[in-house]
Amino acid sequence: MSTSSSSHTVDAHIHHDADHHEQGFWSKYVFSTDHKVIGIQYGVTSLLFLFLGFTLMMIMRWQLAYTGEPFPVIRFVLPIGIIGLLTMFVSGFKPSLGTTVGILFIAMAGLIWYLATGEERMPMGIMAPEYYNALGAMHGTIMIFLGVVPLGVGAFGNYVMPLQIGAPDMAFPKLNMMSYWIYLVGGVIMIISFFVPGGAANSGWTSYPPLSEIATEGQTWWLVGMVFLITSSLLGAINFIVTILQLRVKGLGFMRLPFFVWAQFVTSFLLLLAFPPLEAAGILQLLDRVVGTNFFLPSGLVISGEKLVNAGGGTPILWQHLFWFLAHPEVYVLILPAMGIIAEIIANNTRKPLWGYKYIVYSALFIGFMSFIVWAHHMYITGMGTTISAFFQTTTMIISIPSIVILTSLAVSLYGGSIRFNTAMLFALAFIPMFGIGGLTGLPLGLATSDLHLHDTYYVIGHFHYVVAPGTIFALFAGIYWWFPKLTGRTMNETLGKVHFWGSFVCMNFIFFPMLIQGMVGLSRRMYDGGEQYSHNQSVLYLNEVMSIAAWVMAIFQIFFIVNLFVSMKKGKKTTDNHWEATTLDWTATTAPPLAHGNFTTLPTVYHGPYEYSVPGAKKDFTPQNEK
């Protein structure tokens, strides 16, 4: 698709939006088709789910640090309720986004009170082993499928990507709205599962059969929720791909796209191609549980000394293949949008072009292709054979190369730059070594020999969390601080932001690095007592308390972010349309905040690449893409 034909499509959208009638409250803010409003809806919802998932982890960490001791409910619930009241107070208790979020925080405090009490879940205040498994399964599900992915793709992608390509909206605005509401329904179903008999799903976030086939009712709700979440992602992916291909403005060729747009483009293809197998698998497992089919139930299955009557002919390994065929591309669904955010921030705050722009674009495309042929490195211990193991070892080592290229490009881009150390840049700089640790610790897991010892230990948890927490989540924080002036026309407080950064940075390393040590000793994951029943774990059990305290302290530092976010909406310093003196269309061709339904007063034309900083002979150190 040429940029000239794309611009005709954009013109049609512009004329349509020019005739847009005045909207009421519900159509403007609730059932909106404006990509910016939908992006904010995704952002607020996913941040709340991230907070909930983080809170589940803090409850689990009490059990690991002080096994057998009653859980102090008040200490956890009271601060969350206070945050909700303060948020409502700052908003003046008037109908507003802040008041709504405050009410949701208070509701979350009530939910956590429910989760941390009850004789079935917490007999005499002490966590039951089955409940620990349920919290672990829901923590992983909520953080990944309801938190990080919707924030990185649904929120940032929806809000920023159309602005960066000069589009007045997404290609299919109503489909975009539908994508959000289907996501929300899936999230609500996941929350409801905590209240059904037997509690939420407790078979791990991977839901391996046959355990998941015979689990409590919550597993059925988990599967239904996943079908909704996957459907939402598929609708969004189609919309993103068509928008990027069809709605680019005149002059915006593919090699003039910001890397953030490339990252969203590749991510959308991953979602479109990798999610259908898991959706099919979820429906098949749902049929096994509800209808009595045997897709994943093997013959001769005995439970509590009795043979399961309806079991026979199925294979649990099939589920693993279908799950990991999605779940490894899902890792890059998590990390590619993060890399896109980091690239924007580093280029701007070094005041120089990204080093090796074309190389990182080709690397992102190569990652997208290779991510589909590495999934079985999660399954070495299933007995797949040395030949297949060797193949997946090789592809796993190969896919690490483009990730290194992108990371190297970001690091080399710092050399010789006039670096501005604002909060967004601090999070971006921390991303590089943190993601580097996550990638480096993954290499032993990609080799069958070393994976035999490390598989299903805390080493795996440490590795994955270094990729997702101080990796992806740091990038998402960076993006919030970065695009906040565009979204609100105000800036966030830099002092509060830097306190938030340094506290989070130190605490995250105290949480996740000890996991690598525990894993190399052989401490298994998913042990509700922290592994104290095994003699080989005794030398590293003290680290459970260290990690738990670090997690709770990190929660305190998130209060600085929450206060900064909501106070800055009302009290933040007003700024210009291009606060960071950036070059891309989202900053140079739109107001702050952008116009509703249309984005641009006049259709921009692109004349330059995305990162024309410090061009020799130029009057200023940045050249906007739409400036002749």
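1. Let me start with Thr-206, which is buried, at a relative accessible area of 6% (buried is under 20%, exposed over 50%, and partly exposed in between, with a 1.4 Å probe and protein chains only). You'll find Thr-206 in the loop between α7 (173-192) and α8 (218-246); helices here are DSSP runs of H or I with at least four residues, numbered from the N terminus. Leaving aside residues up to four places away in sequence, Thr-206 touches Trp-319, Phe-323, Trp-324 and Arg-526, where contact means heavy atoms within 4.5 Å.

2. A word on the source. This is a predicted model, with local features needing pLDDT of at least 70 and side-chain atom pairs counted only at pLDDT 80 or more, while totals for chains, interfaces and linings use all residues. Numbering runs from 1 along each chain as its sequence is written, and side-chain values use heavy atoms, leaving out hydrogens and water.

3. Next, α13 (residues 423-442) against α16 (residues 494-521): their axes come within 10 Å and cross at roughly 10°. Axes are lines fitted to C-alpha atoms, for helices over the stretch in contact, and angles between N-to-C directions run from 0 to 180 degrees. The two helices, α13 and α16, are therefore roughly parallel (under 35 degrees; over 145 is roughly antiparallel, 65 to 115 roughly perpendicular, the rest oblique). On the α13 side the contact includes Leu-426, Phe-427 and Met-434, and on the α16 side Phe-501, Trp-502 and Phe-505 are among the residues involved.

4. Last, have a look at Asp-621, in the segment after α18 (585-588). Asp-621 is partly exposed, with a relative accessible area of 29%. Its side chain makes a polar contact with the side chain of Arg-351 (3.0 Å); a polar contact is a pair of N or O atoms within 3.5 Å, and within protein one must be able to donate a hydrogen and the other to accept it, with residues adjacent in sequence counting only if both atoms are side-chain atoms. Asp-621 and Lys-352 are 269 residues apart in sequence, yet 8.6 Å apart in space, C-alpha to C-alpha.
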